[in-house]
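Subject: Structure handover

Hi,

Here is the structure I promised to pass on. Have a look at it first, and then read my notes below.

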Amino acid sequence: MIEYQTDNIFAKILRGEIPCEKVFEDNNSIAFMDIMPQSNGHLLVVPKSPSVGLLDADSTILGNLFTTVQKLARAAKQALDADGVTIMQFNGSAAGQTVFHLHVHIIPRYEGVSLHHHGAAPADPEVIKSNAAKIRAALSSKI
């Protein structure tokens, strides 16, 4: 099993060392826009407690995390008029994990639109900011 490394990009975001387009934060987690989205409105939910992945995380952390994932998935679907939402979580490099801090991808899906390859290219920062504002607005309404 991989040991948790405190220099991963999500740990740096949590410490405020790297900026992000934050959508949501509470005592347990933070949600922010993916800068290299696979679809319009792709965001990430990251627990504040350090763990490499789902397999080494405390079950209490997982409960809080997936409650937040559900809330954010509903908000993103509504805010971005998506037809569906894909939720992904990877464990280990063989499974596609590239950042070794537990995180969940929320990817709004649109009929007839294929996913982009993850990490292929950064999105327009203005589009990211606009999508984040729409999701934050949906969170403040009753979903």
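Predicted model: local features only at pLDDT ≥ 70, side-chain atom pairs only at ≥ 80, totals over all residues.

A definition before anything else: helices (H or I, at least four residues) and strands (E, at least two) are DSSP runs, numbered from the N terminus.

Residues are numbered from 1 along each chain as its sequence is written, and side-chain values use heavy atoms, with hydrogens and water left out.

The overall picture

The chain has three helices and five strands, and along the sequence they come in the pattern α-β-β-β-α-β-β-α. The radius of gyration is 14 Å, close to the 15 Å that the globule rule gives for 143 residues, so the chain is as compact as a globular protein of that length. (The radius is taken over C-alpha atoms, and the rule is 2.2 Å times the number of residues to the power 0.38.) Along the principal axes, the C-alpha atoms fill a box of roughly 40 × 30 × 25 Å.

As for burial, 38% of the 143 residues count as buried. Buried means under 20% relative accessible area, exposed means over 50%, and partly exposed is in between, with a 1.4 Å probe and protein chains only. The chain exposes about 7,700 Å², and carbon and sulfur atoms supply 53% of that; these areas come from the Shrake-Rupley method with a 1.4 Å probe, and for residues only the protein chains shown count as cover.

Contact means heavy atoms within 4.5 Å. Of the contacts in the chain with a separation of 6 or more, 64% are between residues 24 or more positions apart.

The largest pocket

Rolling a probe the size of a water molecule over the atoms shows where empty space is left. On a 1 Å grid over the protein atoms alone, a pocket is an open set of points where a 1.4 Å probe fits, with protein on both sides within 12 Å along at least five of seven lines; lining residues have an atom within 4 Å of a point. The largest one has a volume of about 580 Å³, where volume is the space filled by probe spheres set on the points, and points are joined across faces, edges and corners.

Which residues lie nearest the centre of this pocket? They are Phe10, Asp34, Ile35, Met36 and Leu44, out of a lining of 27 residues. By class, the lining has 16 nonpolar, eight polar and three charged residues. (Ala, Val, Leu, Ile, Met, Phe, Trp, Tyr, Cys and Pro count as nonpolar, Asp, Glu, Lys and Arg as charged, and the others, Gly among them, as polar.) Helix α1 (9-14), strand β2 (29-33) and helix α3 (125-140) each supply at least two lining residues.

- Ala123 is partly exposed, at 23% relative accessibility. Beyond its neighbours within four places in sequence, Ala123 is in contact with Ile35, Pro37 and Ile128.
- His105 sits in strand β5 and is buried, because its relative accessible area is 5%. Leaving out residues up to four places away in sequence, His105 touches Asp34, His42, Leu43, Leu44, Thr86, Ile87, Met88, Phe90 and His118.
- Ile9 belongs to helix α1 and is partly exposed at 41%. Ile9 and His101 are 92 residues apart along the chain, yet their C-alpha atoms are separated by 8.5 Å.
- Leu14 is also found in helix α1, and its relative accessibility of 29% makes it partly exposed. Not counting residues up to four places away in sequence, Leu14 touches Ile30, Val46, Pro47, Lys48 and His101.

Most residues other than glycine have a negative phi. Asp81, however, has a positive phi of about 50° although it is not a glycine. Asp81 lies in the loop between α2 (59-79) and β4 (84-88), and it counts as exposed because its relative accessible area is 65%.

Cheers
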